[in-house]
Amino acid sequence: MGRFKVKKQDTFIDMTPMSDVMVLLLTFFMLTATFVKEEPVKVNTPGSVSEVKIPTSNLLTIFIEKNGKIFMNLDNPNAMTLTAQQVNTDQNADVVKDIAEFSKVPMFGTPLNQVNAWLALDDRNGYLAKNPAAGIPCDSVSDELKVWVNAASEAIGEDKLRIAIKADKTTPYKVIKNVMKSLRDIDKNRYNLITSLAGAEQ
Amino acid sequence: MNARVDFTPMVDMIMLLVTFFMLCTSLLKPQTMEIAMPSDKQDIKDEQRNQAKASEAVTILAGGENRIFYFEGKPEEAMQNLVETKYGKDGLRKFLLAKNANAQKEVEKLKKEFETRDINEESKKEYNQRLSDIRSAKGTPTVIIKVADNANYDNLMKVLDEMLICNIGKYVIDNFTDADKALLESKGVKFPQQ
């Protein structure tokens, strides 16, 4: 009896093309991506046809969430440190005691006298999002937005600092008006309004 | 000897890296609209403010509940000229485009002219220069935007967006006065009690 030989198939799949494609994908993502910044509050920006890109360096972003609370951040820890030091000098008080810790927060926004208490908290972002006392005051009674913006502009350089406002679609105009007024009072008349791209309906 | 290298672990690892990058990064860079507000310090006098010819002035009033009105000409004649419209292409844009038809034509021409030219820094610069010239040329309307306290940010952005779409270079965001409030109240727009 002749032995019938079953041909053994090689199960080894060549992975080289697959790894080629993967490396390409990886390179693409690494080159195009910017890291998502942690934002304690969700801000839905309005759409606009404007295609101007946001400046990437020396950017001070003013966040306005839908209930009108105002937060702020600067794009790098170094700028945060300088700004905190400047605020301390300007106010002649230890507004921010733990500057090293402050420079690491993704976003800040409490009245000046509560910054230290807020920094000591565990759930800082949760506090900003949920506590009604959070937010930088900006009205005729106390206008601390000016203090921060002035300090940032002093620390980073008046002509280098770019200001961007990122406000929620549903924010009442009253809050926006106050912010714009404060900025105008301290002679910051050029700023960017952050929007998301939306094509115009034809 | 078999010189084939097993790439499976490599693919595994790269897969993980790709997943990581996909989840942790945002591809879309947010867009932005640059605006320059008039300064208080240059103290713009009322005469200068009214310099815009009445025939070219358009005032847009945005109130709460997404309602929007406009009138042409002097504020004294606002009552007769007040028209309610809506946001978007059939309302405000239709009116503004008609008002700004000349500039619109010029921009179309400009776009066509530059379509055939190479894109480089210089041509971009020239394009932007000429675009802004057209947008602020004589005879184009001056738009005064007034937004009520109870309107929202989206309303403001939509109006500002129309300025871009309709190529209007001269616009200001002005204070919403009590007179404007009375005007809108006469049209049945509700305002919250102070």
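Is the crossing of α6(A) and α7(A) left-handed or right-handed?

Reply: The crossing of α6(A) and α7(A) is right-handed; a crossing is called right-handed if the near helix is turned clockwise from the far one by less than a right angle, and left-handed if it is turned anticlockwise. The model is a predicted one, in which local features need pLDDT of at least 70 and side-chain atom pairs count only at pLDDT 80 or more, whereas totals for chains, interfaces and linings use all residues. Residues are numbered from 1 along each chain as its sequence is written, while chains are lettered from A and ligands numbered from 1 in the order in which they are written.

Helix α6 covers residues 144-156 of chain A and helix α7 covers residues 173-185 of chain A; they pack at an angle of about 50 degrees, with their axes 10 Å apart. This angle makes α6(A) oblique to α7(A), given that angles under 35 degrees count as roughly parallel, over 145 as roughly antiparallel, 65 to 115 as roughly perpendicular and the rest as oblique. The axes are lines fitted to C-alpha atoms, for helices over the stretch in contact, and the angles run from 0 to 180 degrees between N-to-C directions. Helices (H or I, at least four residues) and strands (E, at least two) are DSSP runs, numbered from the N terminus.

On the α6(A) side, Leu145(A), Lys146(A) and Val149(A) meet Val179(A), Ser182(A), Leu183(A) and Asp185(A) of α7(A); contact requires C-beta atoms, placed from the backbone, to lie within 7 Å. The residues of this contact divide into 4 nonpolar, 1 polar and 2 charged. Here Ala, Val, Leu, Ile, Met, Phe, Trp, Tyr, Cys and Pro count as nonpolar, Asp, Glu, Lys and Arg as charged, and the others, Gly among them, as polar.

Helix α6(A) has a further partner in α2(A): the two axes come within 8 Å and cross at roughly 120 degrees. This crossing, too, is right-handed. From α2(A), the contact draws on Ala79(A), Leu82(A), Thr83(A), Gln86(A), Val87(A) and Asp90(A), and α6(A) supplies Val147(A), Trp148(A), Ala151(A), Ala152(A), Glu154(A), Ala155(A) and Ile156(A).

Asn92(A) lies in the loop between α2 (77-91) and α3 (99-102) of chain A, and its phi is near 60 degrees, a positive value in a residue other than glycine. Most residues other than glycine have a negative phi. Asn92(A) is exposed, with 7 other C-beta atoms within 10 Å; a residue is exposed at 12 or fewer such atoms, buried at 20 or more and partly exposed in between, with C-beta atoms placed from the backbone. In the loop between α7 and β7 (190-197) of chain A lies Asp187(A). Its phi is near 65 degrees, again positive in a residue other than glycine. Asp187(A) likewise counts as exposed, with 12 C-beta neighbours inside 10 Å.

Overall, 41 residues of chain B are in contact with 48 residues of chain A. The elements that give two or more residues to the chain B side are α1 (8-24), β1 (25-26), β2 (31-36) and α7 (153-165) of chain B. Of these, α1(B) gives the most, with 10 residues. The chain B side divides into 24 nonpolar, 9 polar and 8 charged residues.

Chain B as a whole comes to 8 helices and 7 strands, and 25% of its 194 residues count as buried. It includes an open sheet of 5 strands in the order β5-β4-β3-β6-β7, with mixed pairing; strands pair if DSSP finds at least two bridges between them. The edge strands are β5 and β7 (170-174) of chain B, each pairing on one side only. The twist averages 25 degrees from one strand to the next.

Definitions and conventions:
Two residues are in contact if their C-beta atoms, placed from the backbone, lie within 7 Å.
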